[in-house]
Amino acid sequence: MAGALTLGEIVSRLGGRVAGDPGTPIRQVGSLENAADGAITFLSSPRHRDKLAATRASAVILAKDAEASTSLPRIVCASPYLYFARVSQLFNPLTSQAPGIHPSATVSASARLGKDVSIGAGCVVGDGVTIGAGSCLYPRVVVYGGCTLGERVILHAGAVIGADGFGLAQDDAGGWVKIPQIGTVRIGDDVEVGANTTIDRGALDDTVIEQGVKLDNQIQIGHNCRIGAHTAMAGCAAVAGSTHIGRHCTFGGAAMILGHLTIVDHVNVSACTVISRSIRKPGTYTGIYPFDDNASWAKNTAQVRHLAQLAERVRALEKHGRARAPAKEKKK
Amino acid sequence: MAGALTLGEIVSRLGGRVAGDPGTPIRQVGSLENAADGAITFLSSPRHRDKLAATRASAVILAKDAEASTSLPRIVCASPYLYFARVSQLFNPLTSQAPGIHPSATVSASARLGKDVSIGAGCVVGDGVTIGAGSCLYPRVVVYGGCTLGERVILHAGAVIGADGFGLAQDDAGGWVKIPQIGTVRIGDDVEVGANTTIDRGALDDTVIEQGVKLDNQIQIGHNCRIGAHTAMAGCAAVAGSTHIGRHCTFGGAAMILGHLTIVDHVNVSACTVISRSIRKPGTYTGIYPFDDNASWAKNTAQVRHLAQLAERVRALEKHGRARAPAKEKKK
Amino acid sequence: MAGALTLGEIVSRLGGRVAGDPGTPIRQVGSLENAADGAITFLSSPRHRDKLAATRASAVILAKDAEASTSLPRIVCASPYLYFARVSQLFNPLTSQAPGIHPSATVSASARLGKDVSIGAGCVVGDGVTIGAGSCLYPRVVVYGGCTLGERVILHAGAVIGADGFGLAQDDAGGWVKIPQIGTVRIGDDVEVGANTTIDRGALDDTVIEQGVKLDNQIQIGHNCRIGAHTAMAGCAAVAGSTHIGRHCTFGGAAMILGHLTIVDHVNVSACTVISRSIRKPGTYTGIYPFDDNASWAKNTAQVRHLAQLAERVRALEKHGRARAPAKEKKK
């Protein structure tokens, strides 16, 4: 933590405008509900204005149209949430682990580590691995041989980079013949990978995670995938093998992307949605089956297995109706 | 294992009533199919009565209405499955790891450990962590700095407690700015957490798992969540950030709960169900899309993308019908 | 890597027929796109013929009907993909870790290890574990006490074998009573298990993974399951407790199989499909809810909660129609 900064000092570093006392000292960030004296909080949505009235924070970050909603000292800016992120970075480090190699880590003699790399307890870094400057591997990360990490990469505990992809050929007896996975994983600068996430090495070529990609916990990236720069995926999402995803995409939690697909830039996939074919057009895509109380679900879902038949019956009714009253029929 | 106990000794400790020889010695529990001589088994459902006829167990736990279904020595009780759990605890320890810190574990000097805590091989316990008496961390668990565990907490291998939540703000160029995650995780007494499950630290405040919560393997709990006391979740379930779940809820495997929701006490969510909005009323909720043979699925599912149109066509038919024969129309 | 082999030497080992120069030396395998000089690639589908024209590989494996599609030296065979797998095994080892126990691993004195077993950094092998000859545990695998692994088993980093199953009985107050999990896990020969996959020990009897089963990353196998020989599951699939799956089945990624079910041999379950009841007949089964652009999805999915009503309305229309014009009605 960087000691106190006044609101005036904060806007001189990050922009925006102070309303109220620019000498208000700030020592930390906090939530509307629990911020203590000396903390700055933020208002990102009008929905939270009632909480604003009760906050004990010393100052608030908010947008121009919310400026009048409090008499607390405040910073007025275009994007309160983004501004808040930057203020928090003034007071808090991005990682909580000091540079250096923990004595319980196993780092191959042939690994190449940049400046200020941090390798946590129990990590295993294989032969020929390259890790760029400023990267941080939290405890118990495994990086298999040959993989490459850029600079300022953060890998959370339990992540596994470069395990074998799932490559099998079936023999005539129905048994499985393993295909050696001789590609690697290449991870760009400023990538963050969540706890227990797995990224498989390529079968022949490499699996590639471009710069600025953010992957949450327990994500699975299959072999030969390419994830474009600045794409973000929430927890438990998975991408099957050989799928190429564009830049600046977002995937909600547990989104599932099948294999051998192509998804263009600027695609947003909702949580829990299964993407079963390529997406050629930017936009938001969803496929969540609605939940209901159990009895209603059972009653409605029983119809799903008869939908084609139902459509056929409606067609028959329409035809019958047309036969009787063609002039009135208007098919949508 | 505690040596043999007679049926009489068991009921004197746990209640219930013996039918048959109360001197029957019991040394272990077993399944109907594979229990050996000296083992006690249980009958929890009439469906398994045929297996009961063939069992080689020395005794059976069953309900009053099933009392006559065997001539084996038996314990008659209200809840055979619950009773069986308690009998098994007489013969088997709750954890298989002795108290103490394994020499390969990395425990911060500032961590506070209660009496009889067991820290397995390769565990990593960060700065300022508190672990209550009788807790057991199986091998390779990571607890990030600042987190708090109650008493008798069991964490299975590979669990990660307190990794950063997935907090990002988007800048004007579409890049991601990391929001330091300065909350912690607080876990109550008697919580059990499965293998490779991840529970993220809060962004600003804490992620809270209340007492008696049971989480199976590979569950993901996002930052700022609160899981109410005695709620249980089966494997691969996930809760996105800032969702608050009540007490005494159950979640089937791979149930997915979106973020920023509130779920009241005594809600049961079926396996593989996506909860996309808050639940204000106790009950059972389901949202499983039905599987079918592939050809039938393809035929029926093609209609899903036309459901709104289909409903519109039915409305048109109804309107047309009403125009022709209003007296007969009865809309449900 | 085994040095160079000529095409003639390859076919003398693996069968097939050379077209072109049998003296062409091969040193490695590669993809159509990126194979370098000295590499052999393969054509498994006519879709990739355009890539074949541009490949820089020295030779190609292909089927008889594609023989004329290139003038490169080639091997003609019945199953190019399977043949390619076998060629790759000539040039590449199946695992990248040397036999022996890494000094940072924790192996119980009572564990029994076969010949040439490889135990990676940070692995933990519990009391009474048996591991068959030639097996390879990559870094940070945990095998709980009592579990048995066959020969040539490969466990990828972070896999957890034999953690407690999720066995709980509910007491009268709604609290959970843990059922000690006294079974183990038995894994057959030639099984491969992906990174961070978890296989729980049985509650009373054993969880069994038969020979030749292939499990990808982040799969969860519940207690008491049996997975039949040569069955393969892609990443993030999960099987709830006490389900028995036959031999030679395949499961796509994130397929979810509920508990206490039976699935016969030769069943193929598509990715992201929820299997909610037993499958008695071989075949392919699917249950993917279709995704759509968000607006279309919202419009169509709103109808799902009214499907039973819609079907009822169609029935009413049909009845009404029949009443008016019975002779013309034809119900499908």
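## Reading the model

Residues are numbered from 1 along each chain as its sequence is written, while chains are lettered from A and ligands numbered from 1 in the order in which they are written. Because the model is predicted, local features need pLDDT of at least 70 and side-chain atom pairs count only at pLDDT 80 or more, whereas totals for chains, interfaces and linings use all residues.

## Domains of chain A

Chain A has domain 1 (5–91), domain 2 (97–288) and domain 3 (294–328), with bounds from an automatic or database domain assignment. The centres of domain 1 and domain 2 of chain A, taken over C-alpha atoms, are 36 Å apart.

## Helix 3

Let's look at helix 3 (residues 80–91) of chain A. Helices are DSSP runs of H or I with at least four residues, strands are runs of E with at least two, and both are numbered from the N terminus. In helix 3 of chain A, 9 of the 12 residues are buried, so the rest of the structure largely encloses it. (Buried means that 20 or more other C-beta atoms, placed from the backbone, lie within 10 Å of the residue's own.) Among them are A:Y83, A:F84 and A:F91.

## A parallel sheet

Chain A also holds an open sheet of 8 strands with parallel pairing, in the order 10-13-16-21-24-27-30-33. Strand 10 (112–113) and strand 33 (262–263) of chain A are at the edges with a single partner strand each, so one side of each lacks a neighbour in the sheet. Strands pair if DSSP finds at least two bridges between them; strand 30 (residues 244–245) and strand 33 of chain A have 2 bridges.

## Symmetry

Chain B superposes on chain A by a rotation of 120 degrees with 0.0 Å of shift along its axis (RMSD 0.0 Å), using least squares on C-alpha atoms of residues with pLDDT of at least 70 in both. This is how a three-fold axis relates copies.

Note on methods. The expected span of a helix is 1.5 Å times one less than its number of residues.
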